[in-house]
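Hi there,

Here is the structure I promised to pass on.

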Amino acid sequence: MTRFRVEPEAEPGFVVAARAASDFYATRPGCEASDLVRNLDDPQLWALISRWADVGSYRRAFSGYEAKMILTPLLLLAIDEPGAYASPDAVGANLPRGG
């Protein structure tokens, strides 16, 4: 899940870029779903939500020239927060990294 806060004047360009990213994800091996959604209570809050068969498929989706051209400009606009989630059983003991 990648969230974005989009000002009204930037919305048309954002939607084009976000749909292109969602469509790109949908073509990548291991992508099970990819959707652009908008918050019901805060219309400036958007999210690009994708589901993947495994973490490797998700990470490989960022490889290559096409990925860099489509994803990088959009992801630079993302809210800086963790965006990768998995089921509790898959995560296990989720301890912070580092010291």
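A definition to begin with: a residue is called buried under 20% relative accessible area, exposed over 50% and partly exposed in between, using a 1.4 Å probe and protein chains only. Asp42 counts as partly exposed because its relative accessibility is 25%.

Please keep in mind that this is a predicted model, in which local features need pLDDT of at least 70 and side-chain atom pairs count only at pLDDT 80 or more, while totals for chains, interfaces and linings use all residues. Residues are numbered from 1 along each chain as its sequence is written, and side-chain values use heavy atoms, with hydrogens and water left out.

First, the overall picture. The protein chain has four helices and three strands, where helices (H or I, at least four residues) and strands (E, at least two) are DSSP runs numbered from the N terminus. Along the sequence they come in the pattern β-α-β-β-α-α-α. The C-alpha trace spans about 45 × 30 × 25 Å along its principal axes. Of the 99 residues, 23% count as buried. The chain exposes about 7000 Å², and carbon and sulfur atoms supply 55% of that; accessible areas come from the Shrake-Rupley method with a 1.4 Å probe, and for residues only the protein chains shown count as cover. Taking contact to mean heavy atoms within 4.5 Å, residues 24 or more positions apart account for 57% of the contacts with a separation of 6 or more.

Now to strand 1. Which of its residues are on the covered face? Thr2 and Phe4 are, whereas Arg3 and Arg5 make up the uncovered one. In a regular strand the side chains alternate between the two faces of the sheet. Strand 1 pairs with strand 3 (residues 45–52) in the antiparallel sense, over four bridges; two strands pair if DSSP finds at least two bridges between them. Across that pairing, Phe4 stands opposite Trp46 in strand 3.

Asp42, the residue I began with, belongs to the loop between strand 2 (31–38) and strand 3. From Asp42 to Arg5 there are 37 residues in sequence, but 9.3 Å in space, C-alpha to C-alpha.

Helix 1 (residues 11–27) has 17 residues and reaches 24 Å from its first C-alpha to its last, close to the 24 Å expected at 1.5 Å a residue; the expected span is 1.5 Å times one less than the number of residues. Its buried residues are Phe14, Val15, Ala18, Ala21, Ser22, Phe24 and Tyr25. What covers them includes strand 1, strand 2, strand 3 and helix 3 (65–75).

In helix 2 (residues 55–60) you will find Ser57. Ser57 is buried because its relative accessible area is 8%. Apart from neighbours within four places in sequence, Ser57 is in contact with Pro29, Gly30 and Trp52.

Two more places to look at. Met1 lies in the segment before strand 1 (2–5) and counts as partly exposed because its relative accessibility is 38%. Val91 is found in helix 4 (residues 88–91) and, at 34% relative accessibility, also counts as partly exposed. The C-alpha atoms of Val91 and Glu81, ten residues apart along the chain, are separated by 18 Å.

Enjoy exploring it!
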